[in-house]
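Have it open while you read.

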Amino acid sequence: MKADRLTLVESGGIKKWACLTCPGGCGEVINLSLNPNQRPRWRISEDFWLRPTIHPSVHQKNECGCHFWIKNGQTTWCRGGRPSKPSKGEIDTCYRGK
Amino acid sequence: MKNIDANLNSMFFITLRVVQTISLMMAKEGIQPMNKHTGKMTFRVRIADENLNFKDHAFDDPKVLGRQLIEAAGGHPVDEHVAIAILPNGDFEDIRLDESYDLRGRGVEKVLVARSDRSFKFKIDDADLEWPRACISGFVLRKLAKLPPNYNLWQEIPGQHDKKITDTDVINLADAGVERFVSLIDQTTEGDALPSKDQTYLSGHGYEFEVVTEGVNTGIVLKGLPLPDGKYEHTAADVLILLPRGYPDCPPDMFYVAPKLTLAGTGQVPKACTVEHRFGGRVWQRWSRHNNAWRPGIDGLQTMVARVQTALAEAQA
Ligand SMILES: [Zn+2]
């Protein structure tokens, strides 16, 4: 199974953005702001194998409408948040400076 | 007969097309066929002030001097003002005071006139823009970027978190490093702060709860939890469980109670409950009960609530 990638955008040691292709299968790129001083915002942590955990859950307002958690690189769908054609990839993290 | 009909039709079609093309060109270049009073061709241009309020102005010639544009907009004294052409792609181009600028040639749609002695350059996405003042509002930035309503504008700050720009934000373009803005579609919201397993557990067991966030911290408040009969000077209390970074793989540690609980009869504070903690605009009594046995993937709020119940039942002075 091909793993999906979550790109962590860092600048000066600060994690600014977590970007991933929507696991709902719509192809949109989801940009999650990690800025703790505004909404919406998310927190990210990674385990030893660089598998990301994102908190809280991610809810798409577009037509895709999917709603999911990312925990240790696994996406789990929230109730009612499962899209019609979800991808089944596992997610790991790669880094990009800015 | 049929053939001739077909030819006529196509000729008519071509004529119609040409007429449409000409009128489209005229509209695009702002040319009005004839001025009723002078009998000359006139050239229309929209000139904005620094709040981006546009007014229509007419010139006899599409080639205008910068100073003519400034004068038309009522800018006085002229040499303390700037005229900036706004190109159809959103890019900006300075028009010098005595430069004969062909508005038509570059397809200029609008001109910005403002009082200034210098201009401040910045980028929104890939467009090079400038503004004749050091201060610019988020509202004007959005307008310059022609952002659709479902997009947000972000200020890119190297080495710091990027900042979402609201309409009422005022950005100082003279500050070092203020030069890049990016637009991003706004289609993602924070979902639940609580894993659905925990939500199901709490709702299913009749707990009334609230998810409270403060800064980077998220807490679950169990509302009006009934206390063991006759043990405390209160019969119910709110319980706060702070979710650590990495929850539910990392365990919550202590828990917090409001109002402050004292043992019935003696009025004594239970052991290791003397510290106060402020969260969500309230003062909480900290219950220093630590957690050494957390099974990631298995344990959740049900484990934590059980620990809270045990601690409340067993508390001694
Ligand atoms: Zn999607």
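The points below go from the interface to a few backbone details.

1. Ground rules. This is a predicted model, where local features need pLDDT of at least 70, side-chain atom pairs count only at pLDDT 80 or more, and totals for chains, interfaces and linings use all residues. Residues are numbered from 1 along each chain as its sequence is written, chains are lettered from A and ligands numbered from 1 in the order in which they are written, and side-chain values use heavy atoms, with hydrogens and water left out.

2. Size of the contact. Chain A puts 39 residues into it and chain B 34, contact being heavy atoms within 4.5 Å. About 3,100 Å² is buried between the two chains, 47% of it on carbon and sulfur atoms; that is the accessible area (1.4 Å probe) lost by two parts on being put together, summed over both.

3. Three salt bridges cross the interface of chain A and chain B (side-chain nitrogen of Lys or Arg within 4 Å of a carboxyl oxygen of Asp or Glu). One to look up is A:Lys16 with B:Asp162, at 2.7 Å, N to O.

4. Who contributes on chain A. On the side that touches chain B, the elements giving two or more residues are β2 (14-21), β3 (29-33), β4 (43-46), β5 (52-60) and β6 (67-71) of chain A; strands here are DSSP runs of E, at least two residues, and helices are runs of H or I, at least four, numbered from the N terminus. β5(A) gives the most, with seven residues.

5. A strand pair between chains. β5(A) also pairs with β16 (residues 188-190) of chain B, antiparallel, over three bridges; DSSP must find at least two bridges for a pair. In this pairing A:Val58 stands opposite B:Glu190.

6. Cis peptides. A:His55 and A:Pro56 are joined by a cis bond, omega about -5°, and A:Pro56 lies in strand β5 of chain A. Chain B has a cis bond from B:His76 to B:Pro77, omega near -5°, with B:Pro77 in the loop between α2 (66-72) and β5 (81-86) of chain B.

7. B:Lys146 has phi near 50° and sits in the loop between α3 (138-144) and β12 (151-155) of chain B. B:Lys146 is partly exposed at 47% relative accessibility (buried is under 20%, exposed over 50%, partly exposed in between; 1.4 Å probe, protein chains only). For B:Ala272, phi is about 60°; this residue is in the loop between β20 (255-258) and β21 (276-279) of chain B and is partly exposed at 41%.
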